[in-house]
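Me: I have a chain to read and want to go feature by feature. Can you take me through it?

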Amino acid sequence: MVEIQCPHCDEDIELEDDVFGLFDCPHCDEEFIWEDDEDVSNEHTTNPSVISGVKIGIGIVGIVLLLSMIFFVWFLLYIRASLDGGFG
Ligand SMILES: [Zn+2]
């Protein structure tokens, strides 16, 4: 629950955490707008499609890095082998 004050009569009003919009004050029966702009980033940070897209991106980058490392190690070994062969 969240406790707010009516903008018309300044009485305390209890609302649910995730509700917002147009409400009727139970004390003065005036309408007021409650917009819950706090903690929005906590609950709506990322949606699943973005998360899966990021995971796919990380996977692709990881595979490319792994192949690059394998190629790099193979290249070093190849250079070293040729140098060993050339200079004993
Ligand atoms: Zn009121």
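This is a predicted model: local features need pLDDT of at least 70, side-chain atom pairs count only at pLDDT 80 or more; totals for chains, interfaces and linings use all residues.

Me: How many helices and strands does the protein chain have?

Reply: The protein chain holds 4 strands and 2 helices.

Me: Which pattern do they follow along the sequence?

Reply: The order is β-β-β-β-α-α.

Me: How do I read burial, and what share of the residues counts as buried?

Reply: Count neighbours: a residue is buried if 20 or more other C-beta atoms lie within 10 Å of its own, and exposed if 12 or fewer do. In this protein chain of 88 residues, 0% count as buried.

Me: What about contacts across the sequence?

Reply: Take the contacts between residues at least 6 apart in sequence. Of these, 10% join residues at least 24 apart.

Me: Where is Asp-10 found?

Reply: Asp-10 lies in the loop that runs between strand S1 (2–5) and strand S2 (12–15).

Me: Is Asp-10 buried or exposed?

Reply: Exposed, because Asp-10 has 9 other C-beta atoms within 10 Å, and 12 or fewer counts as exposed.

Me: Where is Asp-29, and what is its phi?

Reply: Asp-29 sits in the loop between strand S3 (21–24) and strand S4 (31–34). Its phi is positive, about 60°, although Asp-29 is not a glycine.

Me: Is Asp-29 buried or exposed?

Reply: Asp-29 is exposed, with 9 other C-beta atoms within 10 Å.

Methods
Residues are numbered from 1 along each chain as its sequence is written. Two residues are in contact if their C-beta atoms, placed from the backbone, lie within 7 Å.
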